[in-house]
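Good morning, and thank you for coming.

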Amino acid sequence: MKKVFSRVLPALFLAALPAAAHAGGSFDSTTILRIEQDSRNGYESKRFVPLTQFLGADFDKLGDGNLSLHLHGWLRANLVDGSSRIGNDDDKLDGNLTYGYLQYRFNNANARVRAGRFFVTEGIVNEQVDGVSARTDLPYGFGISTFGGATVHTATPPGQPNDGKGDGIFGGRFSYRKGGLLEAGLSGIYESSAPARGTLPTGVLSGNFGSHRLVGGDFWISPLSMVQLSGRASYNTETSKLAEQSYLMQVTPGKDLLLSATFDQYNDRDYFFSSILFSDMLKKDGQQSRAAGASATYSTAKYGDVSADYKHYSRDAGKGDRFGGDWRGTFQDKSLRTGLGYHYLRTTPDFAILPSASGSFHEIRCYALHDTKGYFASVDLIDYVFKEPVQGKDYAWEALAALGYHLTADLSLSGDLSYGKNPQYDNEVKGLLRLTYNTTNSGKGATK
Amino acid sequence: MRLSHQILTTLTLAGLLALSACAQLKALPNLPATHPEAVANGPVSCAECHEDQQSGTMKPFKAFNHTRVFVQNHRFYAASDDALCASCHKFSFCADCHTNKGAMKPATLNGDRPDRMMPHRGDYLTLHKIEGKLDPASCYRCHGRTNNERCVACHR
């Protein structure tokens, strides 16, 4: 199947190229050659040399000018026998069509129809579908969107007979907008019945897995020009319980100051219910996860922005607090970008990797990027310092340097080299070569 | 005879309503398919150029300033305003991270762009054993039903 697919994908792209000759369009292509060696005590040394090709194409203004075609996918060839990092994957070739759809955009009301493989992000819905979708604004601030088709199946976890997904899926969102003041939406998703799963592994709770069926709502409110409140909540109709609620408040008391607060709550069983992988990790019923946080960001045109943030995590298993700050600078008309950050995560021992270790650690990061018309170069240093050693090491650090050259405005060649030490490896050296071709949309906007 | 009269009346009314709705839809403007000016790389503030309310989303432009908070919480905006996102970003921009089957972790794909807030930089293999227990929902948002090969290699 993979071999068939790996030939179909490039054929699909090649077949679409003539259309581009008669239409405005844009392309992006990234070719990455990685070279890695994995040497660990007690294990056979392995070399990984995967060559990965990402391809994307957007063909605008086909047909009467409102039709467009959008494609994106990747192919990977392992250039050294048996160099797949993943268990029993002996195939030298692998690939995926991330999306490939035709879109017809009507002249009014932001109405559009899509057919093919696409992602749907509407309210609580976030799905990849092989099918058809449509949306339009309606008079008086209302809007409607709907989609339906076949589920995009994924890999089957080891020990399971399937990926845990039903074969068909449909859903949609109905919304109302009042200019500058509020938006409210109701959305839902219904997937056909989940297939039977395999025998439950020891220690896994029964009754924690089933069909993917949710309804929910989302909102955005701005009662004052300086205040924005966003939120969403989903209800699992299979378990008859709230799955998720998330809220974000943003306040801008001055032009340069942004204050924010977040609150997220998840009922783990109801949120993970349709995931064959995550439902297995549930240790007890009624488990909840909560996180509440706040941040303040002060921005200046000259020195970039500086922010401080705090987040409190609460689970039945324990509690944690993360706090710290960041500075992000942009200079020389954004060609020089820098960053510096420090955070500390303090947790109860329940979140430790090992009973003898600690779940608490410091995170320190700094980076700089200089992107000129000719060359671009960056360095990125990140260090995690554990409160107690993990597998004999109390740190995990990595330094990455990248250097590239803009061969033309759209074509660039770059190389990354990273070195690090961490609990997994005494020395970790990774390198890659990257050839990137990236054009802007025909109507401008940004590149990727 | 009476039934067919009722059906005819209903269809006529439905037709008139549909025509009326279509006429009203034609009065509703489209968002521009693409931003008319090229947008530079790096953090973007819509409010640098736009002061008013965005006509398609009916929200103020400043709501879409790409602040750190916006980037961390962009799911709230993508879930209702993806047409506005698409006026500047190709969808492949989203696909760097959001895909059911990834070829490599986004931080590796974009190793030369440390300014982009890519997840899982550094030795995340070690870190995820803490972060995953602390906040599993944050993993679920992307990896929930994808059965990623790197996940199922150990979590089985």
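This is a predicted model: local features need pLDDT of at least 70, side-chain atom pairs count only at pLDDT 80 or more; totals for chains, interfaces and linings use all residues.

The model as a whole scores ipTM 0.87 and pTM 0.88.

Let me turn to confidence, chain by chain. In chain A the mean pLDDT is 88, with 88% of residues at 70 or more. Where in chain A is confidence lowest, and where highest? The lowest mean, 53, is found in helix 1 (residues 2–21), while strand 11 (residues 213–221) has the highest, at 97. For chain B the mean pLDDT is 85, and 96% of the residues reach 70 or more.

Chain A contains two helices and 23 strands. Of its 448 residues, 49% are buried. If we take the contacts in chain A with a separation of 6 or more, 45% of them are between residues 24 or more positions apart. For chain B, the domain assignment gives domain 1 (1–30), domain 2 (31–95) and domain 3 (99–156). The C-alpha centres of domain 1 and domain 2 of chain B are 37 Å apart.

I now come to the surface of chain A. Which residues form a nonpolar patch there? They are A:Tyr375, A:Leu403, A:Tyr405, A:Leu407, A:Leu413 and A:Leu435, and together they have about 580 Å² of accessible area. One of these residues, A:Leu403, is located in strand 21 (residues 393–406) of chain A. Its relative accessible area is 56%, above the cut-off of 50%, and therefore A:Leu403 is classed as exposed.

Two further positions in chain A deserve a look. A:Gly63 sits in the loop between strand 3 (50–62) and strand 4 (67–78). With a relative accessibility of 75%, A:Gly63 counts as exposed. Its C-alpha atom is separated by 9.7 Å from that of A:Tyr104, a residue 41 positions away along the chain.

Buried, partly exposed or exposed: which word applies to A:Val132? The relative accessibility of A:Val132 is 48%, so this residue counts as partly exposed. Neighbours within four places in sequence aside, A:Val132 is in contact with A:Val113, A:Arg114, A:Ala115, A:Phe118, A:Thr146, A:Phe147 and A:Gly148.

The last part of my talk concerns charged side chains. Side chains of opposite charge can pair when their charged atoms come close. How many salt bridges are there over all chains? The count comes to 33.

The pair I would like to show to begin with is B:Asp81 and A:Arg177, which form a salt bridge with their closest N and O atoms 2.6 Å apart. B:Asp81 lies in the loop between helix 3 (75–78) and helix 4 (82–85) of chain B, and A:Arg177 lies in strand 9 (residues 168–178) of chain A, so this pair joins two chains. B:Asp81 counts as buried, at 3% relative accessibility, and A:Arg177 is buried as well, with a relative accessible area of 11%. Both residues also belong to a network of salt bridges that links A:Arg173, A:Arg177, A:Glu183, A:Asp218, B:Lys59 and B:Asp81.

Another salt bridge is formed by A:Arg315 and A:Asp268, where the closest N and O atoms are 2.6 Å apart. Because A:Arg315 is in strand 16 (residues 304–315) and A:Asp268 in helix 2 (residues 268–272) of chain A, the pair ties together parts that are 47 residues apart in sequence. Both A:Arg315 and A:Asp268 are buried.

Finally, A:Arg346 and A:Asp321 meet through their side chains in a salt bridge of 3.6 Å, N to O. A:Arg346 is in strand 18 (residues 336–347) and A:Asp321 in strand 17 (residues 318–331) of chain A, so parts 25 residues apart in sequence are tied together by this pair. Here A:Arg346 counts as partly exposed, at 42% relative accessibility, whereas A:Asp321 is buried, with a relative accessible area of 12%.

Thank you for your attention.

Methods: Residues are numbered from 1 along each chain as its sequence is written. Chains are lettered from A and ligands numbered from 1 in the order in which they are written. Side-chain values use heavy atoms; hydrogens and water are left out. Patches are made of residues with over 30% relative accessible area and no salt bridge: like charges are joined within 9 Å, nonpolar side chains (Val, Leu, Ile, Met, Phe, Trp, Tyr) within 5 Å. Accessible areas come from the Shrake-Rupley method with a 1.4 Å probe; for residues, only the protein chains shown count as cover. A salt bridge is a side-chain nitrogen of Lys or Arg within 4 Å of a carboxyl oxygen of Asp or Glu. Helices (H or I, at least four residues) and strands (E, at least two) are DSSP runs, numbered from the N terminus. Buried means under 20% relative accessible area, exposed over 50%, partly exposed in between (1.4 Å probe, protein chains only). pLDDT is the predictor's confidence in each residue, from 0 to 100. Domain bounds come from an automatic or database domain assignment. Contact means heavy atoms within 4.5 Å.
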